[in-house]
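Please read these points with the model open.

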Protein chains: 2
Amino acid sequence: MATAPASSTLLTHKHHVRLGRLPLRSGAILDDVTLGYETYGQLNDAGDNAVLICHYFSGNSHAAGRYDSAEPVPGWWDAIIGPGKPIDTDRYFVISSDALGCVRTDAPHGLTTGPASLDPATGKAYGPDFPALDVRDSVLAQRLLMEQLGVTRLAAVAGPSFGGIQALCWAAVYPTMVERCIVAIGLAEFRAREIGLYHAMERAVRLDPKFLAGRYDPQEPPLDGLALAVELMMVAASGAEDLHSRFGRHPAPTGTGEWAIENWLDTEPRIRARNCDANAWLAMLRTNMRWDLALGQPSMEAALARIQARILLIPGTGDQLLDGTSYHDPMVDALRNAGSTFSVQSLSAEGGHLAGLSRIAEAGDAIRTCLNTPMRT
Amino acid sequence: MATAPASSTLLTHKHHVRLGRLPLRSGAILDDVTLGYETYGQLNDAGDNAVLICHYFSGNSHAAGRYDSAEPVPGWWDAIIGPGKPIDTDRYFVISSDALGCVRTDAPHGLTTGPASLDPATGKAYGPDFPALDVRDSVLAQRLLMEQLGVTRLAAVAGPSFGGIQALCWAAVYPTMVERCIVAIGLAEFRAREIGLYHAMERAVRLDPKFLAGRYDPQEPPLDGLALAVELMMVAASGAEDLHSRFGRHPAPTGTGEWAIENWLDTEPRIRARNCDANAWLAMLRTNMRWDLALGQPSMEAALARIQARILLIPGTGDQLLDGTSYHDPMVDALRNAGSTFSVQSLSAEGGHLAGLSRIAEAGDAIRTCLNTPMRT
């Protein structure tokens, strides 16, 4: 007797949309823009059951499901996206979109436009000549994707870290289109400490003699410098308690390094760096450093007051990358002063910044509640 | 009419003691060891009014006073060391000692033995061949200094960060000699996250093509790599709120960088790196990474139970270098379980790790109280 498969595994595909010419906030114009994305679930006839997912710094649009059943690890927010999950694909049409300048080059189905993709004017990779990207540029590209998909209204925009930044930006730029804004481990502006930390990561890439001011040979990329930048991101993003539980002061079992965590940091960042483009990484750092929701507005309160969406903040209380202790309180104060409708669901401190990925299920109920609560009228 | 000068400015001098042969914990032996130090106040006849001050990672023994009245900034703990101050030089004979392997080379009166000093066997700088240093090696050297100065007992050992580590180590290694142990922004062991962060700093130095596996030309040191390591230390040690107050998102006024904090990070770390030796910096990183008070003891509690001194902990609650949130609670638990006599005076979070230098005056009353409380009997 044939039965439906018992597994709830979501199978998905990577798609690409061609967006043509895209004017950037910098004044530059990109030609023949390509944007990668995935979708889970079905769009309803009204086109208003869509949820947009935006990705973190070194992520891409593979947020949920598997490309095939043999894929060992599903997408990065699979814990909360899928049939019956908090972002329920039986109910919502979930679109997960790349950001422009996505740093990943392990993209067998093609690159989203960024420094590593080919400039149609020259036929060569843009490299260091790629124009500066603003968060708003990705939001515009995603807006065009929504049009092509027939999405008229977003039940929610959600994402972790840089994805949360994009979600906030979406809600501010297209206030009447976004009903809910779910910001995990994100912030409304980069402050001095975060800018300083990202400056150090940039310097790590530039210190590599193979970087050659960005005109490196693609076969000889600045892997050592990029691996150090990735390592800094990993250490700053990891929860101190999680690292202690995993590595303690254990000696390195084999290989390089005196301690187990050194062994990990001697290997894992290089593996990740091999899947990234150094120029894209630097461009992404700069895009983040420039992030300020209040840009062009008289104040952060005024910027937040433009947002009509119900906001759910999901901070990591032990976050030492985007400094959970110092950004969260001012942001909540500004939301309160702006008269925003918002709630807060903190993730446990042990996970640090990465709690926004590894422990996002802790916020599952809060996400369900947010999605089930009608937009304020 | 002649009057005494109204200024309470403490004038001091750098001294050096020659300690001869020193056996290290690693099994190596250093010949002709030199240790730099300063003193403030007078030793009493019983030799028991001494307070030993130990310095932080990139510091040296210039903890208080000025070498001459024109020196713009006094020693780094001048706020609490001096006539009438919490560590009262009218009452105590205060010795501030270098650690072995002190990273600073801006030492006009000569170097404390370390990688940049001359190996008497070869007449050349030790460089990368300098043997591994343990915190206990510096404690032994300082113990020999105490003997030469006629100090029989220490009313207190105190220090910030790596200085607090040395203070804890002193109290554990010479329990009957130390009456009080004042540990500012210090910890009882390096854990995975701290080891990982220091690993990244080490990698920054090694990434510099001028490093040449430590055999760099002293006239062409790996300044870019060392400056990046210093930058990482500065960003991690600074309080997020202090940086925000100072730099905000202000654009760079002049010079390099887009933001004011970038301008600072493009200049200040290089200035500091010029005053340090890269091999000494790497050796100091490794000494810190290996720090574990419980080494050779059955447990941290057992190690702490050996300490007879009254302990004053002065954590920086916003500390993101030595992770105030994750090390402090386990340390307090261990002290409680060990039956230690201790108290805690936290510094305000805005200052981060550096609160142990910039805001140490906040703990002034707690330090006075600690020094005025008799040792437990």
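1. Start with a local detail in chain B. B:Glu38 has B:Ser96, in S6(B), as its bridge partner. Bear in mind throughout that this is a predicted model.

2. Strand S2 (residues 29–40) of chain B runs antiparallel to strand S6 (residues 93–97) of chain B. Four bridges join S2 and S6.

3. Now the whole sheet. Eight strands of chain B form an open sheet with mixed pairing. The order is S1-S2-S6-S3-S7-S8-S9-S10.

4. Which strands stand at the edges? They are S1 (15–23) and S10 (342–344) of chain B. Each has a single partner strand, so one side of each lacks a neighbour in the sheet. From one strand to the next, the twist averages 20°.

5. A helix packs on this sheet. Helix H1 (residues 135–149) of chain B touches S1, S2, S3 (50–54) and S6 of chain B. The direction of H1 makes about 125° with that of S1(B).

6. Turn to chain A. The domain assignment gives domain 1 as 15–190 + 292–372. Domain 2 of chain A is 194–288. The C-alpha centres of domain 1 and domain 2 of chain A are 24 Å apart.

7. How many residues of chain A are in contact between domain 1 and domain 2? Domain 1 contributes 31 residues and domain 2 contributes 24. On the side of domain 1 of chain A that touches domain 2, 16 residues are nonpolar, 10 are polar and five are charged.

Key:
Residues numbered from 1 in each chain as written. Chains lettered and ligands numbered in written order. Predicted model: local features only at pLDDT ≥ 70, side-chain atom pairs only at ≥ 80, totals over all residues. Pairing = 2+ DSSP bridges. Helix = DSSP H or I, 4+ residues; strand = E, 2+ residues; numbered from the N terminus. Axes fitted to C-alpha atoms, helices over the stretch in contact; angles between N-to-C directions. Contact = placed C-beta atoms within 7 Å. Domains from an automatic or database assignment. Nonpolar A, V, L, I, M, F, W, Y, C, P; charged D, E, K, R; others polar.
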